[in-house]
Each structure stands twice: as C-alpha cells, then as structure tokens.
Amino acid sequence: MSDLTERSGGEDTTADPAAPAAAPGPQPAAVDPRLLVREKGLAGYVDDFARRVRGGELGSLPVIIGLIVIAVVFQFKNSNFLSADSLANIGVYTSGLGIMAVGIVFVLLLGEIDLSVGSVAGVGAAVWAVLSTTHGVGDGLAVLIAVVVGIGIGALHGFFFAKVGVPAFVVTLAGFLGWSGLQIWLMGKEGSINTPGGSVVEKLTGYYFEDKAAAYGLALVAVLAYAGSLLLSARRRRAAALPSRPLGEILLRTGVVAVLAFAVAYVLNEPAGARGLPLALVLFLAVLVIADYVVRRTTYGRQIFAVGGNAEAARRAGINVTRIRISVFAVSGMLAAFGGLFIASLSGGATKNLGAGNTLMNVIAAAVIGGTSLFGGRGKVWSALLGMLVIQSIQQGLNLLGMASEIQNMITGAVLLAAVVIDSISRRTQKTAGRT
Amino acid sequence: MSAPPVLALRGISKRFGAVQALTDVTLEIHPGEVVALVGDNGAGKSTLVKTISGVHPVDDGAIEWEGRPVRITRPHDAQDLGVATVYQDLALCDNLDVVANLYLGNELRTAGILDEIAMEKRAKELLDTLSIRIPSVRIPVASLSGGQRQVVAIARALIGDPKVVILDEPTAALGVEQTAQVLDLVERLRERNLATILISHNMADVQAVADRVAVLRLGRNNGVFDVADTSHEEIIAAITGASDNAVTRRKARTDQVRKEDAR
C-alpha cells in the first residue's frame, strides 16, 4: 500500500523538472534500469554502458575500437592511409563484398551458414557476361537474369536445408563446389569475358557523381532522415506515455551521424584527385538501409530473429519456419549474385575464378567481425559495413606498407579469430549474466 | 456454477495403435474456475490436453464449447475457439525481448510495419493488470529468471484473449519463490474470469490454487474432487488407485467369503 502511495506521489512531481532523480517515475516501469539511466543524465549513460558490457551486450563496440586502432596505426606508419584516394578506394572496394556480406548476415541471424556465396557470385557474373556478350541479351536484362539466377540458387539451397533436412553447412559446401563448376563451364574455353564499354556493370563501380552536390546532398538527406525518425519515434512514444529518448540524446546521436556523413562527403568531394560520390557506395548504402529496415521493422525480420533464436518456439507461434529458411537463403543467393557483378565490374569482366580464393572467407569474416553472432538470432545488418571496413582497411593499409598477401591473410585470419572469440565470450557472459 | 461450462468433454476416447490412451473421459470447466488435472505418469493428462489444444484429434466423444458441440482437429481450431496452451518446455525465444516474445506470431502492424509502440504499450498494460513484475519489457528473455520466463510465457498465451488457458506443469522447474509468482498469476487468471486447466504433479500447488481436482488414472476418470473439502491423502489415493488394488480386492473378496461363511 505504501508502495502505491509513493508511486502516485512520484506521478505528481514529474511535472516538476527539479524532481530528485531518485524519485520513482510515473510508470510502474520505474524499475526499468534504462529509464532510470535517462533520468540520471550522463553518469547514467556510463552506468548503462557498463551494465551492458558486463551483461555481454557488446554490440558494435569492439569493431569500432578496432577500426580506430587500425586507422591510427596505419596512419602512423604511412601518412597516405587516411588520404582521400585511399579512403575512396576503401569505399569502392568494400561495396561488392559488403553487399554479399549483407546476405551472410541474414543467414547468420538464422543461425546457419552459407559457404556458397563466392561461387554464386561467380555464376552471377558468368551468367551476365555470357548473356550480354555472346547471346546479345540487353545489358539491364542480363543483370536482372543474373540476380534471379542467384535467387533461384539460394532457394534451392534453402529447399534442401529446410525441406529435406540436410545441414546448411553441407548443402552450401556442395553448392560451393558445384556452382563454381557451372561457372567455369559457362565461361568456356577462354575463361574470361571483358566488360563491354559503357555497360551497366562497368558503371557499377566505375561511375562517380562528380557534382559535389551529390555527396553533400546525400549526407544531408541521411542526417535529416535519421534525426526525423528519432524525433518522430520519441514523440509517438511520449504520446503513448512510454519512456522515450530525451532531446539531448537525439541531438548527440544526430551530431555524430552528421559529422561522419559530412566527413565522408568531404573526403569524396574536396581533396585534389577526388572523383565525387561513387555509385557503388550509394548502392551499397541502399542495400544496407533496405535490409536493415526489413530486419528490424517488418514481421518478416522479426520472424528471422525468432527462428534463429528458437526454431521450435517460432513454429509453435505459428511461424512458417520452412518458408523463412528458404527465403533467407534466397536473399543470400540474390545478394551474392548482385555482389558478383560488382566484383566483375572492379576486375574489368567476368572470369572463371571470380569469387574464388578469399572472397567467401572475407565475406563471412566481415559479417562476424562486424558483430553478428555465429550462433544465430543476434546481429545487425550494419555489421556487414563495419566488418568490411575493417577487412578492407587492413588490406589497404598492408598494401600501402608493401606487405605480401600471405601476411595479409595471416592478419585477417587473426582478426577473424579475435572476432569469433569475442562473440563466444560475450555469448557465455550473457548466459551467466542472464541466469541470475 | 449454473452457467453452462465454457468447455465440456464428454466420453472422450483416444487410441494410439494398440494403446488405449483415453477411455470415456469426461471433464467440465467453467469460467473463473481453476481445474487441476492430476494423475500418475502415463495417466493420460498430456493426451487429454492435446486433444483440447488440437494436437491429437479425438477418436470418440464430444467436445462442447459454451454449450454447443464443436470439432477440434487442428491447433488452429483450438486457438480460434479461444484455447491457449502454455507448454511445459517454454516456447520463448531467448534472443528476443519481452514485447517481441509476447507478440510473436501476432505482431501488431500499421501499414505493414511493426508497430513497436502499440505493442510495448499493450504489453505493459497486460503485465500490469497481471501484476507481473519484470525489470523491463525491452530486455531479452534470456536475462529473466526461470519464474519470470514462465510468467511471460503465460502472459503470452493471454495476448489472443482466450477463454480457456491450459498450463502444462507450469511450476515443474521453478524454485519456491518463483512457484509462488506463477501461482499468484493463476489466481489472477481466475479473477479475469478465465477457465484454467492446470496440470501438475505438485499437490501443494494444486491445493493452493485449484477449485476442483480432476483425477485421471490409466486413461479413465477417477473422480473429481472439490479442493476445499478433500484431503491430500484422498487425492493421492485416487491418483495411485490405492483404494483399488490387489490388497483391497482381496479384502473385499475375503470379507464376502466371511460373510457367506457366517450365514
């Protein structure tokens, strides 16, 4: 009873800005530690952060620290690392593999793995090249067919996994071999087809919006959209009497995003030799934004998380687990084929070993390094971007230092191992912290 | 109790191959009533519950819903009628937060997009009316205690506004305090005028919250008792068949022989 009166007392004083921070909030959710955090101001954020780290919710923290360390180390070793040219290169080289990594993030959220993405990328590029050069299919149509072939291949993997019950690891390993065979067969004797001049695929990584307004405009749109969505959500939550982000936090977040967005735009536009906003980066960002939206804001995305977390619970909740699994592999195949076209664009054409070698490992490593769990049900689409940035900056930096590729492989391998170790440890901490 | 029962099972039989799992079982449950379903292992409790929740269609017998006969052949039928089942092994996704778990499979949407705000608001209201205390509705279920998870699982069953809630061993894996939380919640369900079927092996729990106890033994009814005027021992006796075994049968026989001798 005294509890009740205390609470209604708290309700009365909330209108008073000078109310002591320790007073219970208007909602019974006053026990919500995150609500208390907001009332305590900056110190509260630090507490909240410490609480999350102890609970194993590291999120993107390790990778952001990693990126800063990489940038500082390489800049110290070679002052060209943070040059406009080098950064723009990272942006363009990231896009193709990054789009493939988004597909891997989907599969990892499901708690599965897709080992075939490299080969599917190769098949996608081969289909496009053969159709558009030898069979005279229109360029755009050939690109579309290549992507649809990717969807079909992914759905086939999904069928064998979800319907027949073959482990995804084995299905996609078979795919890895089989599709690279198909790719080599498609490419024929010559083994390579050069991108025709002026083709859509050439533009994928070759086209730059040279008008400075493009990069700055995109940055401005991104910042406004971000701030707008935060403000709108805060207003709706306040209207529903739910705890919402305070204005200060919204401003801080918007500020960070604005600094980053305009810094990138500046580097792309201003320095000598800068070519403007690359189309590849725009497409990669578009894929990221759409995928992030699907994963976080739609029922479909929620169902992917549910199946990745507890497939049996998802089934009992009426979710069609088979359909989700097949569709996720189809998404992975689609993005792999699309990414393959970017790789073809960068290397000037489709070849019989496009997508072979390190491609698969780099793509999976990017998703995992970016913070998506290998164990399913935890992760963000943006980890594809963060992880790809880490891998690409290491390679770019080591290239600048003139290091051999074998050293690069060893270092990338070590970074991947570190990322998986962090993932495993944070999972264990979450378990122990969870069972209180 | 003069109102018609919300759910009535009459003469239910179910056979799996050579095994007769249920024979002529009858059970009635009224709104605002907690009926405990007890019985030894293999007595048919789970099978009976699965016939109600549509997992196993009945072979024989009638199911009446609010007085009219219905057929339940799929889980979907049961859900449509308003039967919600909370299974023994929790059906929650550890990685999702409380709100997402409560609405899993029934997400609220506006224009095709998840309406997180409406879901969070309604989740809080539901948890408040049930006096459920959890640290936050936005933390992953993994970081809740066993009792809190069970309570969330039960609350989840209420999202679809059911009339009958079936709880399969809700306290089996819980400690003393957590069990008390769940039993409190069962009483809250009764206050909301829901009909609750509680399967339990724990007589203390049954006597704490149930109004009536229906005993199953070897797939048949073995008595329905009012908890208020039945002793613990009588229920145990009905479960184990202590009043119907080799010893009692022999006693009955010898008594009769003695009577005849006396004559």
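## Chain A overall

Chain A contains 18 helices and 4 strands. The model is a predicted one, and the average pLDDT of chain A is 83, with 86% of the residues scoring at least 70.

Of the 436 residues in chain A, 41% count as buried. Of the contacts in chain A that link residues at least 6 apart in sequence, 75% join residues at least 24 apart.

## A helix pair in chain A

Helix H13 (residues 299-309) of chain A packs with helix H15 (residues 321-346) of chain A at an angle of about 105°, and the two axes are 10 Å apart. Angles of 65 to 115 degrees count as roughly perpendicular, and H13(A) and H15(A) are therefore roughly perpendicular to each other.

On the H13(A) side, the residues that meet H15(A) are Gln303(A), Ile304(A) and Val307(A). Val321(A), Ile324(A), Arg325(A) and Val328(A) are their counterparts in H15(A). By type, the residues of this contact divide into 5 nonpolar, 1 polar and 1 charged.

## Where chain B touches chain A

Between the two chains, 24 residues of chain B are in contact with 33 residues of chain A. On the chain B side, the elements that give two or more residues are strand S8 (113-114) and helix H4 (116-129). H4(B) gives the most, with 5 residues.

## The antiparallel sheet of chain B

In chain B, 4 strands form an open sheet in the order S2-S1-S4-S5, with antiparallel pairing. Strand S2 (19-29) and strand S5 (68-70) of chain B are at the edges; each has a single partner strand, so one side of each lacks a neighbour in the sheet. Neighbouring strands of this sheet are turned by 30° against each other on average, with direction ignored.

Inside this sheet, strand S1 (residues 7-16) of chain B runs antiparallel to strand S4 (residues 60-65) of chain B, and 5 bridges join them. One of the residues involved is Ala8(B), whose bridge partner in S4(B) is Glu64(B).

## Helix H1 of chain B

Helix H1 (residues 45-52) of chain B lies across S1 and S2 of chain B and runs at about 65° to S2(B). Of its 8 residues, 8 are buried, so H1(B) is largely enclosed by the rest of the structure. The buried residues of H1(B) include Leu48(B), Val49(B) and Ile52(B), and also Lys45(B), Ser46(B), Thr47(B), Lys50(B) and Thr51(B). Just after H1(B), Gly54(B) adopts a positive phi of about 85°.

## The mixed sheet of chain B

Another open sheet of chain B is formed by 6 strands in the order S6-S9-S10-S3-S11-S12, and its pairing is mixed. Its edges are strand S6 (83-86) and strand S12 (220-226) of chain B, each with a single partner strand, so one side of each is left without a neighbour in the sheet. From one strand to the next, the twist averages 20°.

Strand S3 (residues 34-39) of chain B pairs with strand S10 (residues 195-199) of chain B in the parallel sense, over 4 bridges. Val34(B) has Thr196(B) as its bridge partner in S10(B). Helix H5 (residues 146-157) of chain B packs on this sheet and touches S6 and strand S9 (164-168) of chain B. The direction of H5(B) makes about 165° with that of S6(B).

Ile235(B) is found in helix H8 (residues 232-240) of chain B. A residue counts as buried if 20 or more other C-beta atoms lie within 10 Å of its own; Ile235(B) has 20 within 10 Å and is therefore buried.

Leaving aside neighbours within four places in sequence, the contacts of Ile235(B) are Val38(B), Met203(B), Val213(B), Val215(B), Phe225(B) and Thr230(B). One of these, Val215(B), is 20 residues from Ile235(B) in sequence, and the C-alpha atoms of the pair are 7.6 Å apart.

Methods:
Residues are numbered from 1 along each chain as its sequence is written. Chains are lettered from A and ligands numbered from 1 in the order in which they are written. This is a predicted model: local features need pLDDT of at least 70, side-chain atom pairs count only at pLDDT 80 or more; totals for chains, interfaces and linings use all residues. A residue is buried if 20 or more other C-beta atoms lie within 10 Å of its own, exposed if 12 or fewer, and partly exposed in between; C-beta atoms are placed from the backbone. Two residues are in contact if their C-beta atoms, placed from the backbone, lie within 7 Å. Two strands pair if DSSP finds at least two bridges between them. Axes are lines fitted to C-alpha atoms, for helices over the stretch in contact, and angles run from 0 to 180 degrees between N-to-C directions. Angles under 35 degrees count as roughly parallel, over 145 as roughly antiparallel, 65 to 115 as roughly perpendicular and the rest as oblique. Ala, Val, Leu, Ile, Met, Phe, Trp, Tyr, Cys and Pro count as nonpolar, Asp, Glu, Lys and Arg as charged, and the others, Gly among them, as polar. pLDDT is the predictor's confidence in each residue, from 0 to 100.
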